Amino acid sequence: MLFVFNVPSQLQLSKDLPSFTTTATTRTTRNGGAGMEKTLSNQEDLGGDQGMTDDIFDESYCEKDGPKPARRYVWRNIVLMSLLHLRALYRLWLIPAAKPVTLAWGKFLCFLLSALRITMKAHRIWSHRSYKTSLPLRIFLAIANSMAFQVGIPFASFHVPQWARDHHVHHKFSEMDADPHNATRGFFFSHVGWLLVRKHSDVIEKGRKLDMADLKADKVVMFQRRFYKLSVVAMCFLFPTLVPWCFWGESLRNSIFLPTILRYVLMLNATWLVNSAAHMFGNQPYDLNINPRENRLVPFGALGEGFHNYHHTFPYDYSTSEFGWHYNFITAFIDLMCLLGLASDCKKVSKETILAQKICSGDGSHKSG
Ligand SMILES: [Zn+2]
Ligand SMILES: [Zn+2]
């Protein structure tokens with residue numbers, strides 16, 4: 001089942017568009033400072049789904065006056081992250097000596113599974129609740145989640161609830177102090193720097209106020225959280241190493257450094273580009289007043305997560321893009337899961353709403369294709 005939502009915006013108040021609302025609340029988009037009025041549907045209008053409103057930008061939030069707090073470095077993360085990247089770079093010379101099947105394993109299968117975890121589970125399901133999943137699919141995604149091992153602060157802990165909490169405050173307080181990877185603090189900070197310093201007190205304060213009851217009620221998420229460290233060691237490091245070593249006789253050194261360490265570093269950076277490059281470089285066809293952009297390169301690495309101006313404008317759309325399968329492997333995968341009966345209730349914004357949004361708030365780039 002596909003839910004198509006018509007969210008009224010300023011231009012969309014025209015009578016010929018399908019009406020979906022009963023009441024509406026008003027907010028002012030502020031990221032670009034233009035102060036444009038935008039009307040959004042309230043929770044009731046959106047089917048009573050909390051996931052469709054608690055990731056909408058919060059206009060009531062104001063940054064605290066006075067000087068910014070001093071940066072407090074997390075030296076353990078700095079050392080471990082530096083060693084990890086230096087190790088991956090240094091071992092690039094192993095690539096020509098590796099068996100082709102090992103490279104295929106490392107750069108395709110593991111990367112794909114890891115990306116599936118980030119984009120399908122923690123992001124589109126748990127952060128935005130943009131579709132529903134069956135138990136077998138959730139178990140599969142929990143395994144892929146451990147394979148991805150997104151690092152946090154401290155280094156060893158960034159399970160689904162924590163990832164989802166950070167992502168919620170990113171949407172609600174985008175480009176402000178309460179945004180964990182506030183892109184106005186520069187490319188490096190939004191890419192990886194935010195993992196190397198203590199969080200701003202507003203990130204912690206606002207994050208604590210979020211309702212994460214649905215995640216706590218999910219047995220698969222809680223089981224994975226309970227055994228997270230063990231599952232990370234098994235799925236992120238042991239499994240990718242042991243398969244080439246045991247099944248096609250790859251050397252232990254190549255098995256450790258190519259499908260495990262190098263794949264892991266590439267996957268981390270592909271994910272981080274959504275927070276950095278996709279907040280700085282590209283067009284703004286849906287909302288000129290926010291920083292997130294439509295970046296043409298990021299979707300290649302993040303398998304469909306680079307349509308970021310669209311995503312921040314319509315965070316509850318399961319496809320995170322207007323264009324379906326176009327450069328969006330994850331959407332194709334979710335559609336396949338729906339076909340197999342393993343996923344359902346995908347939320348999608350109507351073409352009329354998207355067009356109205358573009359005309360009302362976009363930068364006009366959609367006219368040039
Ligand atoms: Zn973003
Ligand atoms: Zn998001």
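I looked up contacts between residues at least 6 apart in sequence, and 70% of them join residues at least 24 apart. I note that the model is a predicted one.

Next I looked up the make-up of the chain. I found 14 helices and six strands. The chain has 369 residues, and buried residues make up 48% of them.

I then turned to helix H10, which runs over residues 252-275 and has 24 residues. From its first C-alpha to its last, H10 reaches 34 Å, close to the 34 Å expected at 1.5 Å a residue. I also checked H10 for a bend and found one of about 30° at Arg 263. Is H10 enclosed by the rest of the structure, or open? I see that 19 of its 24 residues are buried, so H10 is largely enclosed.

For residues 227-249, I found the end C-alpha atoms 30 Å apart, with 87% of the span helix and 0% strand. For residues 325-343, the end C-alpha atoms lie 17 Å apart, and that span is 58% helix and 5% strand.

My last entry is on Gly 249. Where does Gly 249 lie? I found it in the loop between helix H9 (228-247) and H10. I counted 10 C-beta neighbours inside 10 Å of Gly 249; a residue with 12 or fewer is exposed, so Gly 249 counts as exposed.

Conventions:
Residues numbered from 1 in each chain as written. Chains lettered and ligands numbered in written order. Predicted model: local features only at pLDDT ≥ 70, side-chain atom pairs only at ≥ 80, totals over all residues. Helix = DSSP H or I, 4+ residues; strand = E, 2+ residues; numbered from the N terminus. Buried ≥ 20, exposed ≤ 12 C-beta atoms within 10 Å, placed from the backbone. Contact = placed C-beta atoms within 7 Å. Expected span 1.5 Å × (residues − 1). Bend = angle between axes of the 7 residues up to and from the residue.
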